[in-house]
Amino acid sequence: MSLDGERNCDTARMMMGHANSMVMHTGNVIDWFLLKKNRYSMISPDELMDGLNCVMKTWVRNTTHNPLIEDATANLAISNPQLVKEIDPTLRKELKISVKLFLNDTKPEIIRDAINKIADNLNVTQLDSVLISFPLPSKDVTKKVLPNNDTSATDFETVKAVWLELESCIKSGHVGQIGVCDFDQDSLQTLYDWASIKPTVDQINLNSCCHVPNDLVQYATENGIELLTHNDPPEILPVGTFQSLIGEQTEDASANEWFPSFIARYAVLVKYRGIVHSKGYIVSADRHLPSQIEDFAFF
């Protein structure tokens with residue numbers, strides 16, 4: 001590593017050490033010249049990790065060596081502006097912005113924070129569709145979101161708190177419609193019967209079965225719920241993988257203090273034409289000192 005590179009790495013490490021939170025934005029993965037050759041064969045985890053590696057390398061490289069502590073900030077914004085495809089406000093009505101929000105932290109306030117950060121990074125005031133992916137009770141994709149056992153009531157209380165915040169985002173005009181991921185028929189009906197604003201989409205992982213269960217198809221059809229499929233892994237960004245990324249790029253020995261609270265995958269589509277305008281990932285993470293580290297799984 002060159003002297004300038006070492007200085008930039010030192011500065012990046014200093015900035016990380018003084019930060020309490022960070023937001024990383026990959027920018028538009030479709031435009032990456034490094035991925036053009038292979039992007040059609042890549043699944044989401046590869047896109048995500050390649051994007052985070054790319055933006056971290058760029059951020060460290062572009063960090064100007066400056067030893068002044070007051071230049072450090074508690075909230076880091078890590079992105080490469082050259083990779084962020086801007087949305088022309090005059091064309092906003094012609095575009096649909098869909099977001100899948102993978103939660104690692106299910107505190108209700110995370111929802112509003114996520115919506116605000118995603119909208120700010122895309123320079124828009126509203127997201128057309130938001131799907132929520134709750135952390136599963138285990139890495140087994142066959143597990144239900146709301147298990148039928150004595151703890152299901154407590155689990156549903158957590159889901160309700162998150163859903164109330166989503167409903168608030170719709171009422172404030174920041175989100176158009178909301179949906180869930182990996183809810184079976186019983187879980188979907190429980191949420192649907194309780195919610196004031198009903199889920200419009202249920203995205204199902206077909207890695208756990210060869211077809212969508214008939215009871216779920218029937219219930220969704222009767223209640224106007226769109227069924228979609230996905231092949232995302234149960235954990236799209238493992239904590240250890242994220243911490244290793246930070247440690248490798250910044251040589252920070254305290255990288256294990258960083259925990260992602262949510263991962264958002266967004267797609268901007270041209271309405272009625274099926275053209276993808278842009279696609280990317282936004283990751284929000286918080287720094288927890290050893291005494292503050294907790295298990296984010298809520299089931």
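Tutor: Welcome! Residues are numbered from 1 along each chain as its sequence is written, and side-chain values use heavy atoms, leaving out hydrogens and water. Because the model is predicted, local features need pLDDT of at least 70 and side-chain atom pairs count only at pLDDT 80 or more, while totals for chains, interfaces and linings use all residues.

Student: Is V124 buried or exposed?

Tutor: Helices (H or I, at least four residues) and strands (E, at least two) are DSSP runs, numbered from the N terminus. Buried means under 20% relative accessible area, exposed over 50%, and partly exposed in between, with a 1.4 Å probe and protein chains only. V124 has 11% relative accessibility, so V124 is buried.

Student: Which residues does V124 touch, not counting residues up to four places away in sequence?

Tutor: Contact means heavy atoms within 4.5 Å. With residues up to four places away in sequence left out, V124 touches I87, R92, I97 and A119.

Student: And which residues does N80 touch, under that sequence limit?

Tutor: N80 sits in the loop between β2 (75-79) and β3 (95-103). Its relative accessible area is 10%, so N80 is buried. Not counting residues up to four places away in sequence, N80 touches H25, V55 and T58.

Student: How many aromatic pairs are there?

Tutor: Rings of Phe, Tyr and Trp (its six-membered ring) pair if their centres lie within 6.5 Å; planes under 30 degrees apart count as stacked, over 60 as edge-to-face and the rest as tilted. By this rule, the number of aromatic pairs is three.

Student: What kind of pair do F134 and F183 make?

Tutor: The ring centres of F134 and F183 are 6.1 Å apart and their planes are at 40°, so the pair is tilted. F134 lies in the loop between β4 and α4 (152-171) and F183 in the loop between β5 (175-181) and α5 (185-194), which puts these partners 49 residues apart. Both F134 and F183 are buried, and the name for their pair is tilted.

Student: What kind of pair do Y192 and Y219 make?

Tutor: Here the ring centres of Y192 and Y219 lie 6.1 Å apart, with planes at 85°. Y192 is in helix α5 and Y219 in helix α6 (residues 214-222), 27 residues apart. With planes at 85°, the pair is therefore edge-to-face.
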